[in-house]
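Dear colleague,

Please find below the structure I am handing over to you, with its sequence. My notes on what was found in it follow directly after.

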Amino acid sequence: MFAAALICQVLLATATFAIPTSRERLAQRVARRAASAHLSHPKRPSTTAVTEIDSLSNVTHPEFSTNWAGAVLIANTATYKSVTGTFTVPTPREPSGGSGTHSASAWVGIDGDTCGSAILQTGVDFTISGNSVSFDAWYEWFPDFAHDFSGFRISPGNQITATVTASSRTGGTATLINHSTGQQVSHSFSGQPALCQENAEWIVEDFEEGGGLVPLANWGTVTFTGASAGTGSGSVGPSGATIIDMEQNGRQLTSVSASGSSVTVTYTGP
């Protein structure tokens, strides 16, 4: 009886040490980002032919990217001062036949498409590793790496509003609100590389870590609702935005659509 109890205690202790705590996972991610592992990257156009055309809608896709999927408003001059959108946190899954750790990120931002020298953005990473899922809330002014919001709790099904506001070309704020928990976090920037303010976007991304794209998770569908971009004369929705689908190794992995106030990004890969 004593031996059985002792073995049970040993197994519990081993399990405790084997599973990293949320604080440990945060520390590991901060360490990776501190090693100049950028979370997000400007849009990378696809240079290979797509062998699978979107079969879920009859939409013409003028652009494909290896790391972005979503919708982008594009202006020829400095136009966009803010971008906002609300989405439901998905439960990430491994792609068919996949194993190990897979991730993706949903975010809103200013610039990064036709202007790639700076991006103001904020969003949420979602990761599946075996039977464990985890989430990270972050803010970034590219080309600096992403930084995590501390203590911002996220669970699948939570309603998140992400907003970025450029108070100038070199300063602004990134804000996340979790309507399911009532939490709100914000970060202010100043003295950053200058934005062009030519792009406003709602994106799901295969982000970069350690110099390469992370293995991509199956996120199901992420829909940004209440999507709008602020300008000097009011606000505009994503209707008529450039649609970007993700393509890797010649295969289309997403189906994207946009309407007057929403952007829907569906994973259609393996």
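In which sense do strand β14 and β19 pair, and over how many bridges? Strand β14 (residues 221-231) and β19 pair in the antiparallel sense, and four bridges join them. Strands here are DSSP runs (E, at least two residues), numbered from the N terminus, and two strands pair if DSSP finds at least two bridges between them.

Before the remaining findings, a note on the basis: this is a predicted model, in which local features need pLDDT of at least 70 and side-chain atom pairs count only at pLDDT 80 or more, while totals for chains, interfaces and linings use all residues. Residues are numbered from 1 along each chain as its sequence is written, and side-chain values use heavy atoms, with hydrogens and water left out.

Strand β19

Val222 has Val265 in β19 as its bridge partner. Strand β18 (residues 254-258) also runs antiparallel to β19, and five bridges join the two; Ser255 has its bridge partner in β19 at Thr266. A hairpin of four residues connects β18 to β19. Strand β19 itself (residues 263-267) is mostly covered, with four of its five residues buried. Buried means under 20% relative accessible area, computed with a 1.4 Å probe on protein chains only; over 50% is exposed, and anything in between is partly exposed.

Aromatic pairs

Six aromatic pairs are found in a search of the whole structure. Rings of Phe, Tyr and Trp (its six-membered ring) pair if their centres lie within 6.5 Å; planes under 30 degrees apart count as stacked, over 60 as edge-to-face and the rest as tilted.

One of these pairs is Trp68 with Trp107: the ring centres are 5.2 Å apart and the planes stand at 80°, so the pair is edge-to-face. Trp68 lies in strand β2 (residues 68-74) and Trp107 in strand β4 (residues 101-110), so this pair ties together parts that are 39 residues apart in sequence. Trp68 is buried at a relative accessible area of 0%, and Trp107 is buried with 0% relative accessibility.

Tyr139 and Phe189 form an edge-to-face pair, at 5.9 Å centre to centre and 70° between the planes. This pair links distant parts of the chain, 50 residues apart, with Tyr139 in strand β6 (residues 132-142) and Phe189 in strand β10. Both Tyr139 and Phe189 are buried. Ring pairs also join Tyr139, Trp141, Phe149 and Phe189 into a cluster.

Gln183

Strand β10 (residues 183-189) also holds Gln183, which is buried with a relative accessible area of 18%.

With kind regards
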